Amino acid sequence: MHLFRSAAFTSLVLLATLTPALRADAPPADDKGAAREAAIAKAVAPAIVQVEVKLKFDKGEEPYGGGWGQRCPNCGEYHTTAITGLVNDERPLEIAGFVVGADRVILADPMLQPRFIESVNIRVGEKLVPATLDKVFTTQRAIELKTASPLEGIAPLSFSASKGESLFAVVPNQTEGRWQYSVKGIAQSAAFDANGKRFVDSDSSSVVVDESGAPVTLAFGGALDPEGKWKAAPAEWPTATPAQVDEALKAIKKTTDAAILRVHLSFRSPKTGEDQNEAYRYRRNNGDEENATERDVLGVLVGPQKLIVLAELNQGQTARLQKVTAYGSDGKAIPAEFESSYKDFGAIVVKLAAPREGAIKLAEIDLPKLKTQPLYLAEIEVKGEQRTEYFDRRWIADLKLGWRRQLVPDSVSQSKRPTFVFNDKSELVSLPILHRDSSRNEYATPDAIELLATYLKPVIADSTSLADSSNIPLSEEDEARTAWLGVELQSLTADLARLNKVSELTDDGESGALVTFVYPDSPAAKLGINPGAILLRLWDPSKPTPIKITADQYQFAEMAFPWDRYAELPEQYFDRVPRPWPPANGALSQVITKVGFGKQAEIEFVQNGKTMRVPLPVEISPAHYDTAKKFDHSASGLTVRDMTYELRRYFQIDAKAPGVIISNIEAGSKASRIGLKPFEYITQVNNIEVHNVAEFEKAAKDSNELKLSVKRYMTGRAVTIKLDAPTTAPGEGEAPSTQPAKSE
């Protein structure tokens with residue numbers, strides 16, 4: 001039994017087994033109010049029937065509804081009735097219907113696409129009477145069915161003007177497989193809007209009667225104007241025929257063909273192998289979409305050359321974006337150029353190469369009336385070049401207050417496809433868009449919203465100030481640029497948090513990071529952050545909430561790299577070897593980078609028992625392993641990179657000491673056969689010290705052999721690669737020299 005708000009109405013719930021003798025738990029005879037309500041339910045219940053909609057799969061797709069739901073009397077919101085699984089359960093969707101004529105039944109519009117409906121029947125006892133759609137009400141969330149034959153033994157509801165001041169709603173609902181009828185007094189003057197205008201808050205699917213029990217009207221949810229015509233009998237409601245609805249849907253299809261285009265996005269291949277960012281390679285699994293080089297999405301034409309592309313691209317994806325091509329309904333390609341990404345929405349703006357007709361028209365929305373006007377949906381999805389689309393009616397069940405006090409439609413839709421909503425003039429009411437929730441972290445799934453045209457207008461008009469300047473396409477060289485703080489971190493534990501007296505600030509060690517090293521001349525060093533400090537939060541000025549700082553959980557940070565067994569490593573595993581050092585381009589660097597180079601964030605930390613929050617200028621990191629200059633020596637199969645700050649710390653060598661790191665070795669190459677491995681570093685080439693790849697290239701130029709001084713972590717050796725010698729079969733190649741390298 002539902003609980004109802006007593007301030008708005010009184011309630012009595014009677015089971016559908018109403019008979020001349022009421023149930024044992026019926027109200028006592030001396031309770032006049034309860035007895036009256038019981039009599040009302042008993043009088044109306046015979047005209048309430050069960051509409052059974054038998055569902056079916058369509059093209060292998062499980063049926064879903066767009067609006068079958070009821071307002072919850074407890075929370076006041078609409079909850080969708082799940083219809084998925086009904087086919088497997090071999091039972092129909094059951095909806096309460098109100099008999100208004102010998103062959104007429106009115107019910108709440110379930111907004112089921114015809115492709116999912118196998119049959120519709122009205123149950124009268126054990127008999128099923130077939131029915132078909134006859135009318136769609138244009139100001140009520142309801143439809144009228146016509147039965148194949150008269151409904152026998154049922155007296156239709158006869159509506160008349162109220163004879164008394166009090167009104168009651170008889171609301172049918174199904175609980176535990178039985179129909180119940182809630183009789184609720186409607187407080188007509190208990191609710192007011194912001195302008196002091198009275199309204200009646202109606203529940204879903206109810207018969208409204210006066211205190212004598214005479215039916216006055218039907219109600220299907222929403223705020224009803226007591227001064228208006230809501231008390232009119234259903235026969236007086238405006239309607240549309242199925243044929244008229246079809247004509248409206250055809251007009252909307254014509255609009256979507258012109259204004260909603262398939263957009264093909266082409267991306268540069270993500271870095272792989274020795275160029276791949278280790279922080280991402282081992283910290284997360286990005287999935288196919290993250291690393292895709294081709295994507296097909298939807299774009300909405302909002303101006304002759306302006307297209308809003310509904311794709312949420314993070315910085316890494318947008319950085320690799322190379323080409324944008326739109327396609328009209330005729331399949332012809334329309335070149336386009338990237339203009340900007342939105343800060344708050346998962347969309348980018350592109351400019352078409354030439355003007356195009358058919359830009360979407362935005363509806364002028366009267367929000368209070370939005371729930372009582374006919375709307376239509378277009379479900380559109382693209383997978384590759386294939387476009388799938390379905391069109392149907394739509395009702396907005398309610399409006400909820402959302403982000404920045406914007407109203408968001410609560411349409412109780414179960415569709416998984418992008419859904420665009422239009423009015424009867426083929427004007428856009430709302431479009432589906434991903435919201436870049438400013439409080440979510442990088443890996444959270446964004447929430448899709450239906451952005452009303454009211455809020456879309458400023459988004460279309462001002463794509464500059466609303467743009468994310470850091471989320472743009474970049475050259476391959478600039479793609480790897482990151483900001484830095486210049487520290488090495490250790491994860492907190494509950495014990496460490498308690499020892500440092502920061503349990504309350506770090507959720508008992510669940511967040512926060514202990515600084516173990518500070519690089520000289522880094523932003524951290526300039527701010528006075530020292531080893532032993534505990535980083536708490538980063539504050540981005542464009543975000544309302546701070547970002548909790550945690551240490552990267554690098555998979556190989558806590559295990560010793562097997563340098564002593566490195567000689568046993570076969571070359572087929574070279575590209576799978578994890579780096580011995582933690583990546584410089586970690587999670588904290590990524591977060592700081594998103595603030596934007598040249599901007600200023602704030603960082604909060606605890607040091608010497610004092611909590612501080614200080615400005616943090618966003619500086620570009622010096623070259624690290626992923627961005628270091630490299631040189632491919634094809635004759636030997638060696639690829640070397642400059643030694644960078646984090647490598648010199650790991651190998652414990654001075655900034656002025658010679659050395660270039662081996663970042664890749666081609667399988668089957670002379671370098672591989674001589675025994676060289678990735679992550680060893682070379683200090684001399686042909687007896688010449690090399691401090692960078694330019695010096696390596698110069699020392700190796702025009703040489704028939706390479707005499708290399710190599711270090712494997714702390715152990716040195718000398719090897720010689722004869723470049724003019726032919727490649728030999730395994731076991732017949734050159735043996736590496738065992739001559740020890742000079743101490744450096």
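The legends below describe close-up views of a predicted model. Local features need pLDDT of at least 70 and side-chain atom pairs count only at pLDDT 80 or more, while totals for chains, interfaces and linings use all residues. Residues are numbered from 1 along each chain as its sequence is written, and side-chain values use heavy atoms, with hydrogens and water left out.

View 1. Strands (E, at least two residues) and helices (H or I, at least four) are DSSP runs numbered from the N terminus; two strands pair if DSSP finds at least two bridges between them.

**View 2. Strand 20 pairs with strand 24.** Strand 20 (residues 306–309) and strand 24 (residues 348–352) run antiparallel and are joined by 4 bridges. I308 lies opposite V349 of strand 24.

**View 3. E52 and R123 form a salt bridge.** Their closest N and O atoms are 2.5 Å apart. The pair links distant parts of the chain, with E52 in strand 2 (residues 48–55) and R123 in strand 7 (residues 117–124), 71 residues apart. A salt bridge is a side-chain nitrogen of Lys or Arg within 4 Å of a carboxyl oxygen of Asp or Glu, and the count by this rule is 36. E52 is buried at 9% relative accessible area, whereas R123 is partly exposed at 27%. Buried means under 20%, exposed over 50% and partly exposed in between (1.4 Å probe, protein chains only).

**View 4. E61 and R115 meet in a salt bridge.** The N to O distance is 3.2 Å. E61 sits in the loop between strand 2 and strand 3 (69–71), and R115 in the loop between strand 6 (104–108) and strand 7, 54 residues apart. R115 is buried, with a relative accessible area of 13%. Salt bridges that share partners join D58, E61, R115, E379, E381 and R417 into one network.

**View 5. R104 and D103 are joined by a salt bridge.** Their side chains meet at 3.5 Å, N to O. D103 is partly exposed, at 23% relative accessibility.
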